[in-house]
Amino acid sequence: MTLLPYLVAGWLFLIGVYGIVVSRDLIHTVGCLSVTQSSTYVLLLAVGYRDGGTAPVYADVPKDARVVDPVVQALTLTDVVVGATVTALLLALVIQLHKRHGTVDPDQLSALKG
Amino acid sequence: MTRRARFVLFLVAAAAVALLFVAAFVRLPPFGGDFHPYGDRAVRAAFAHRTANAVAAVNFDQRALDTLGEETILFSAVLGAVVLLRQIAGERRRPPRRARVSGAIRRLGVAMLPVALLTGLYVVAHGQITPGGGFQGGVVVATALHLLYVAADYGALERVRPLSLYEIGDATGEAAYVVTGVATVLAGSAFLANVLPWGTFGTLTSAGTVVVLNAAVGMEVACGVVVLLATFLDQAVEIEEPSHAPASGGTPDGSGGDAG
């Protein structure tokens, strides 16, 4: 079934958003956001896959070797880097929230505080 | 909105998104197929600039300007985390307790540290010919240093890690990328165009500016990750929260001490 890899990406996206929606803990929310983002890795790599293709690195394969799409692999690398930094920044925000409000439950964070 | 209403709203929206996904997926080129026009062009362009690693060619040659943006996101995120996680009023800093580590872990950690460090530098330096490059190698270098935290304790890590030097290294890596771009302009070409001699395909000196940009990114990522981990470890190990819970409000000190 050739649709399966794409469906896996879609499923990962939705299950990640589900986690964000029902989350009772902001650390858990950030983790769910990472799951959501990992769906984009799966989608990109699925789009770039070529049957029987090897990695697009020609150091030890002949120049006419069948390779997968290097463009989406480069995009995935960008995606991973941006995802990791955004996760770090969000976790830093959660630590600050916990210091100010004493809770990381999003439902209890209703008051504004300077 | 109640939790239940929110969940129902999610179910409706998720069903709609799932339908749209499937409708879009069936129109995509078939999985594993042969139609990759951009990939084929990118591989040809990589060959033209003698870059064996086509992914590195895309990142540091064909899309070098985008990678500058990506690197800047990393730089800003590290900066943001450092600013967010500073010591706030009421917090005290205490020296970290000495941790007890078993002898086997200590010996293994000390033995693996140089190996991990060398592997990281190798991955950065060979980014143009093997899978790897500045981002991946930089992370390996940064985590190698943290073997000391596992194998010894936080004090040992702090002694080998003059944080201000790593902050300077982070900024230098970012600046080196921009300076390389400016240098290519001064050489009479476009910003971040590959102007250096391309060298021999598949050797360490191939690929022109890809080598330089890889090194710049490797330096920034290694230093940035060290600074980032240091700010988080600081929170966990050194900074002590004030004794009263800030959200419970009212009682300024002591009386509301609910066993923090």
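Which residue forms a salt bridge with Arg50(A)? Select Arg50(A) together with Asp34(B): the two are joined in a salt bridge, with the closest N and O atoms 3.5 Å apart. Keep in mind that the model is predicted.

**The salt bridge and its surroundings**

The pair crosses between chains. Arg50(A) sits in the loop between α2 and α3 of chain A, and Asp34(B) lies in the loop between α1 and α2 of chain B. Across the interface of chain B and chain A the rule finds 2 salt bridges, and the count over all chains comes to 3. Side chains of opposite charge can pair when their charged atoms come close. Polar contacts also span the interface of chain B and chain A, where 11 residue pairs are found, both residues at pLDDT 80 or more.

**The side of chain B**

Next, select the helices of chain B that face chain A. At least two residues each of the side touching chain A are supplied by α1 (3-26), α2 (37-48), α3 (54-62), α4 (64-84), α6 (134-145) and α10 (209-238) of chain B. Start with α1(B), which gives the largest share of that side, 11 residues. By class, the side of chain B that touches chain A holds 36 nonpolar, 10 polar and 9 charged residues.

**The whole interface**

Now show both chains. The contact takes 55 residues from chain B and 53 residues from chain A. Between them the two chains bury about 4800 Å², and 70% of this is on carbon and sulfur atoms. To see where chain B loses the most area to chain A, select Arg3(B), Phe25(B) and Phe31(B), which together account for 16% of what that side buries.

**A helix pair within chain A**

Finally, select residues 26-48 and 70-101 of chain A, which are helices α2 and α3. They pack at an angle of about 175°, with their axes 10 Å apart. Angles over 145 degrees count as roughly antiparallel, so α2(A) and α3(A) are roughly antiparallel to each other. Residues making the contact include Leu26(A), Val30(A), Leu33(A), Gln37(A) and Tyr41(A) of α2(A), and Val72(A), Thr76(A), Val80(A), Gly83(A) and Leu90(A) of α3(A). By class, this contact has 15 nonpolar, 8 polar and 1 charged residues; Asp79(A) of α3(A) is among the contacting residues.

Key: Residues numbered from 1 in each chain as written. Chains lettered and ligands numbered in written order. Heavy atoms only, no water. Axes fitted to C-alpha atoms, helices over the stretch in contact; angles between N-to-C directions. Helix = DSSP H or I, 4+ residues; strand = E, 2+ residues; numbered from the N terminus. Parallel < 35°, antiparallel > 145°, perpendicular 65-115°, else oblique. Contact = heavy atoms within 4.5 Å. Nonpolar A, V, L, I, M, F, W, Y, C, P; charged D, E, K, R; others polar. Buried area = accessible area lost by both parts, 1.4 Å probe. Salt bridge = Lys/Arg side-chain N within 4 Å of Asp/Glu carboxyl O. Polar contact = N/O pair within 3.5 Å; in protein donor to acceptor, adjacent residues only side chain to side chain.
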